[in-house]
Amino acid sequence: TPSDADNYVKQTFLFPVNDGHTPTISLYIKKNSSFNGSVRAALYFLGKRIDGWDDITPTQVDTYEQKSLVVPANEIDEQGTLELKIECKGTAGDIFIDDIGFG
């Protein structure tokens, strides 16, 4: 539940990866009718952001929407931890994230 129009509420999810793995992370996200903010996500590997932030703000109310982030080839060049960082901001409403898949 975000409570500020300028500052993000942040959550990080961790996934172990091996050299050469190019995973796709998918998640289901929904908002309630009073949500008035935005949601973005980014992938990090060994502290370095892979690509930019993706806007994953749901477009429909009370309906889960699937969003996916794909790690580009050759980004994972050693064993480590892939981080999915999700941030949301707004002054009203709720965001729900469910069923995070890693493959």
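Which side chain meets Glu83 in a salt bridge, and at what N to O distance?

**View 1. Glu83 and Lys85 form a salt bridge.** The model shown here is predicted. The side chain of Lys85 meets that of Glu83, at 4.0 Å from N to O. Glu83 is buried, with 19% relative accessibility. The cut-off for buried is under 20%, so Glu83 falls on the buried side of it. Lys85 counts as partly exposed, at 25% relative accessibility.

**View 2. Lys10 and Glu87 pair in a salt bridge.** The structure holds four salt bridges. In the one between Lys10 and Glu87, the closest N and O atoms are 3.9 Å apart. Lys10 belongs to strand 1 and Glu87 to strand 6 (residues 80-90), so the bridge ties together parts 77 residues apart in sequence. How accessible is Lys10, buried or exposed? Lys10 is exposed, at 58% relative accessibility. Glu87 has a relative accessible area of 7%, so this residue counts as buried.

**View 3. Arg40 meets Glu87 in a salt bridge.** The N to O distance between these side chains is 2.8 Å. Distant parts of the chain are linked here: Arg40 sits in strand 3 (residues 38-45), Glu87 in strand 6, 47 residues apart. Arg40 is partly exposed, with 25% relative accessibility.

**View 4. Phe15 and Phe102 stack.** How many aromatic pairs does a search of the whole structure find? The search finds two. Phe15 and Phe102 make a stacked pair, with 4.9 Å from centre to centre and 15° between the planes. The pair links distant parts of the chain. Phe15 lies in strand 1 (residues 4-17) and Phe102 in strand 7 (residues 95-102), 87 residues apart. Phe15 has a relative accessible area of 11%, so Phe15 counts as buried. Phe102 is partly exposed, at 32%.

**View 5. Tyr44 and Trp53 meet edge-to-face.** The ring centres lie 6.4 Å apart, and the planes stand at 65°. An angle over 60 degrees counts as edge-to-face, so the pair of Tyr44 and Trp53 takes that name. Tyr44 is buried, at 13% relative accessibility. Trp53 counts as partly exposed, at 24%.

**View 6. The surroundings of Trp53.** Trp53 has its place in strand 4. Which residue lies over the face of Trp53? Arg40 does, at 4.2 Å from the ring centre. Arg40 is also the salt-bridge partner of Glu87. Trp53 and Leu69 are 16 residues apart along the chain, and their C-alpha atoms are separated by 10 Å.

**View 7. Thr57 makes polar contacts.** Thr57 sits in the loop between strand 4 and strand 5. Its relative accessible area is 16%, so Thr57 counts as buried. The side chain of Thr57 contacts the side chain of Asp55, at 2.7 Å. A polar atom of the Thr57 side chain also lies 2.8 Å from the backbone nitrogen of Val39.

**View 8. Tyr28, Tyr64 and Phe96 make a nonpolar surface patch.** The patch covers about 250 Å². Where does Tyr64 lie? Tyr64 is in the loop between strand 4 (48-55) and strand 5 (65-70). With a relative accessible area of 35%, Tyr64 is partly exposed. Phe96 belongs to the patch, and Lys30 lies over the face of the Phe96 ring. The distance from Lys30 to that ring centre is 5.4 Å.

Note on methods. Residues numbered from 1 in each chain as written. Predicted model: local features only at pLDDT ≥ 70, side-chain atom pairs only at ≥ 80, totals over all residues. Heavy atoms only, no water. Phe/Tyr/Trp six-rings, centres within 6.5 Å; stacked < 30°, edge-to-face > 60°. Helix = DSSP H or I, 4+ residues; strand = E, 2+ residues; numbered from the N terminus. Buried < 20%, exposed > 50% of the residue type's maximum accessible area, 1.4 Å probe, protein only. Lys NZ or Arg CZ within 6 Å of the ring centre and 35° of its normal. Patch = residues over 30% accessible without salt bridge, like charges linked within 9 Å, V, L, I, M, F, W, Y side chains within 5 Å. Areas by Shrake-Rupley, 256 points an atom, 1.4 Å probe, with all protein chains shown as cover. Polar contact = N/O pair within 3.5 Å; in protein donor to acceptor, adjacent residues only side chain to side chain.
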